[in-house]
Amino acid sequence: MVSKSLVLVGAPDSGKTNYLARLWAAVKESEGMIQAKDLPQDISYVDHALEYLLQGEFARRTEVGDEHSNRSFSVIAERKDSSEPVEVVVPDVSGELWREAVESYELPVEWMVRLENSVGALLFVRVDSDQIVVPLDWVTSRDLLISDVPNDERNAIPTDVQLCELARFLELALGKAHGNRRARVAVLVTAWDRLNGVDAESGPQAFLRKEFPLFSGRIAHSQRVQANVFGVSVVGGDLDDDPDFKQEFLTEGGIAGSGFVVIERDGEITQSKDLTTPVHWVLSTEGC
Amino acid sequence: MTADCRREDCTFAETGECLLSYEPSSCPERTTVDGEPRVDGQDRAHFPPSRACTLRDARSLMARRYLQIVGVLGEPNAGKTACLVSLYLLLARNRLRGFGFADSTTLRGFEEISRGARRWDRTHPPEELTHHTELTDDRSASFLHLRLVRTSDAGPAADLLMSDLPGEWTTELVAKERVDRLAFLKRADVVWIVIDGSKLRTAATRQLSRHRLDLLVGRLGKLLSDRKPPLIFVVTRRDQGALDDGSLTELHTVGSRSGFDAEVVEVASFAEPSADVVPGHGIEELLRKTTRSPEHKGLLWPDDIVEDALELPRIGLTRGAHTDGK
């Protein structure tokens with residue numbers, strides 16, 4: 001049986017843990033293209049994260065991670081479009097690891113090995129995250145250029161640049177153990193439900209071009225990785241700031257069938273209830 | 001093979017010999033090899049940094065693909081850095097028409113100069129192009145890289161390596177004909193001479209500014225006597241006013257007197273809200289003129305060009321005189 005490892009990449013508060021929890025629910029309930037063949041032996045971490053969603057709350061990774069030593073999700077899965085079972089391994093990783101990597105250009109060697117052995121990656125950025133750092137404007141830059149006063153805020157790296165650096169790291173290391181295969185990177189724009197109607201209708205690629213133009217250009221012209229951009233909402237609404245949605249989620253909707261993925265292909269934008277779609281795309285060689 | 005070494009006195013890239021007599025793959029002072037990650041002795045893996053590009057990095061990059069070298073000269077405070085920053089901010093704000101961002105191996109370098117995090121130590125400007133990757137906090141003479149795709153036409157991508165030098169190097173070129181550290185200009189595809197536009201427009205400083213410019217172009221003409229790349233006079237501070245026709249004509253005359261086919265672009269890297277131009281004015285035109293493909297006239301790259309200015313392999317290209325309209 002083939003074992004395929006993916007790696008989750010993204011800054012703190014980019015939506016990795018909640019997606020992993022929702023992915024577990026989807027795989028367990030056979031909601032999508034990837035479904036669990038058997039119940040995994042160790043589900044402590046990912047199931048604990050799912051418990052938050054089931055109670056109408058988004059998981060905070062610091063709350064989930066403190067209690068569990070094994071922070072990876074490993075499941076024997078079947079793809080509906082393949083007869084070959086595959087072990088899918090997705091280690092959850094703290095956003096701080098990637099933030100430190102961007103700042104220092106260093107990574108613990110175990111994570112470099114994971115990158116090299118992974119067949120693909122999921123790269124996260126969250127809509128409306130308060131961790132997003134906007135680029136400089138001309139006024140601020142001019143003032144900084146002429147100022148002699150040291151300022152610690154000078155060192156804040158814009159999120160667009162952080163994403164470019166993460167993309168560069170993936171280009172350098174992802175999938176190296178598998179030879180010349182061009183590794184796949186699924187870019188997940190999480191909390192898609194928080195976008196206004198106009199931005200949402202424009203699709204995930206337009207969102208990236210508008211909000212993160214450097215990163216958008218970088219992945220569009222990468223020669224070392226193949227990237228695809230997805231909009232993702234793990235439960236279809238905001239459990240933090242929309243009490244009506246939360247109430248409906250808890251009393252009527254539930255997690256089964258909740259959430260959606262926005263897919264963009266050949267200029268056409270569609271929506272799917274299959275939360276496994278980005279993972280399926282990374283694992284497969286065909287288009288989405 | 002090139003390698004990045006923490007030791008500033010190591011000349012492996014030039015001599016092939018490790019200062020500590022290690023084999024290249026085992027030296028503990030190496031941070032990356034050939035731009036690829038490597039693991040150190042403390043179980044940490046290192047990615048190559050994306051700060052400004054040293055001479056060694058430039059050589060490594062150009063060994064892998066063709067890059068267009070843009071030599072940027074100008075006296076202190078002419079606005080050289082501001083031009084580069086403004087170009088970067090236009091890209092970061094998705095406001096550069098005609099071009100889109102594709103890549104930069106020095107993205108953090110652009111971010112740093114845009115924040116003023118690295119500025120020249122005026123009392124001790126760097127003496128030469130930096131050879132080593134381990135850059136200090138002080139500004140080091142180096143290069144910045146940008147790969148741009150064209151969005152307005154189907155032209156080829158523009159892969160630029162732009163020099164980031166202290167103004168004092170230009171001053172010393174003029175005053176003492178110090179050319180040793182500017183040998184890379186012999187490999188330049190385009191040269192920008194950045195001029196403080198406010199000095200050209202002000203009566204009290206106009207004549208002196210023109211005099212020094214004439215000297216600079218003369219020095220440059222002598223340095224590049226074998227091959228003259230296209231020359232662009234980048235006149236800054238356009239937000240404070242435009243040049244008159246007479247000044248524009250004079251600039252062309254200065255250029256042609258030394259054998260250059262010169263163009264003039266007025267830019268406003270920054271601008272007050274009350275100005276009649278927006279921040280970044282002229283940068284798009286500057287980029288278009290810089291990346292315009294030369295007319296191919298069937299002439300081979302001159303055999304007697306000093307290729308070893310950057311110790312580069314010979315690149316077989318067809319080049320012609322740059323005669324497109326001004």
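User: How many aromatic pairs does the structure hold over all chains?

Analyst: There are nine aromatic pairs over all chains. The model is predicted.

User: What makes B:F143 and B:F184 an aromatic pair, and why is the pair called edge-to-face?

Analyst: The ring centres of B:F143 and B:F184 are 5.3 Å apart, and rings pair if their centres lie within 6.5 Å. The planes stand at 85 degrees; an angle over 60 degrees counts as edge-to-face, so the name applies.

User: Where in chain B do B:F143 and B:F184 sit?

Analyst: B:F143 belongs to strand β7 (residues 142-150), while B:F184 is in the loop between α5 (167-176) and β9 (190-195). The two are 41 residues apart, and the pair thus links distant parts of the chain. Elsewhere, one aromatic cluster is made up of A:W192, A:F207 and A:F212.

User: Why is B:T290 called buried?

Analyst: The relative accessibility of B:T290 is 1%, and buried means under 20%, so B:T290 counts as buried. B:T290 is part of helix α9 (residues 283-291) of chain B. Not counting residues up to four places away in sequence, B:T290 touches B:Q68, B:V70, B:V190, B:W192 and B:I232.

User: What makes A:V125 buried?

Analyst: A:V125 has a relative accessible area of 5%, which is under the 20% limit, so A:V125 is buried. The residue is found in strand β6 of chain A. With its neighbours within four places in sequence left aside, A:V125 is in contact with A:S14, A:L163, A:L188, A:V189, A:T190, A:L208 and A:F212. The C-alpha atoms of A:V125 and A:R209 are separated by 13 Å, and the two residues are 84 residues apart along the chain.

User: Which residues of helix α9 (residues 204-211) of chain A are buried, and what do the buried residues of α9(A) pack against?

Analyst: A:P204, A:A206, A:F207 and A:L208 are buried there. The buried residues of α9(A) pack against several elements of chain A, among them β6 (120-126), β7 (183-190), α10 (213-220) and β8 (225-233).

User: Why is strand β5 (residues 68-73) of chain B described as largely enclosed by the rest of the structure?

Analyst: Six of its six residues are buried, so β5(B) is largely enclosed. B:Q68, B:V70 and B:V72 point one way from the strand, B:I69, B:G71 and B:L73 point the other way, and all are buried.

User: How do you know that β5(B) pairs with β8 (residues 158-164) of chain B and with β9(B)?

Analyst: Strands pair if at least two bridges are found between them. Three bridges join β5(B) to β8(B), in parallel; four bridges join β5(B) to β9(B), also in the parallel sense. Both counts meet the cut-off, so both are pairs. In the first, B:V70 stands opposite B:M162. In the second, B:V72 faces B:W192.

User: What makes β3(B) and strand β4 (residues 44-46) of chain B a pair?

Analyst: β3(B) and β4(B) share two bridges, in the antiparallel sense, and at least two are required, so the strands pair. B:V39 stands opposite B:A45 in β4(B).

User: What is the order of the open sheet of three strands, and why are two of its strands called edge strands?

Analyst: The order is β5(A)-β4(B)-β3(B), with antiparallel pairing. The edge strands are β5 (106-108) of chain A and β3 (38-39) of chain B, each of which pairs on one side only. Helix α5 (residues 109-117) of chain A lies across β5(A) together with β3 and β4 of chain B, and runs at about 90 degrees to β5(A).

User: Which members of the largest nonpolar core touch the most other members?

Analyst: That core has 132 residues, and A:Y19, A:L115, A:L208, A:F215 and B:W192 touch the most other members. Helix α3 (residues 80-92) of chain B gives the most to this core, with ten residues. A second, separate core has 37 residues, including B:L73, B:V174, B:L185 and B:L213.

User: How many helices and strands does chain B have, and what share of its residues count as buried?

Analyst: Chain B has nine helices and 13 strands. Of its 326 residues, 56% count as buried. Chain B exposes about 13,900 Å², of which carbon and sulfur atoms supply 48%.

How values were computed
Residues are numbered from 1 along each chain as its sequence is written. Chains are lettered from A and ligands numbered from 1 in the order in which they are written. This is a predicted model: local features need pLDDT of at least 70, side-chain atom pairs count only at pLDDT 80 or more; totals for chains, interfaces and linings use all residues. Side-chain values use heavy atoms; hydrogens and water are left out. A nonpolar core is a set of buried Ala, Val, Leu, Ile, Met, Phe, Trp, Tyr and Cys residues joined through side-chain atoms within 4.5 Å. Buried means under 20% relative accessible area, exposed over 50%, partly exposed in between (1.4 Å probe, protein chains only). Contact means heavy atoms within 4.5 Å. Axes are lines fitted to C-alpha atoms, for helices over the stretch in contact, and angles run from 0 to 180 degrees between N-to-C directions. Accessible areas come from the Shrake-Rupley method with a 1.4 Å probe; for residues, only the protein chains shown count as cover. Rings of Phe, Tyr and Trp (its six-membered ring) pair if their centres lie within 6.5 Å; planes under 30 degrees apart count as stacked, over 60 as edge-to-face and the rest as tilted.
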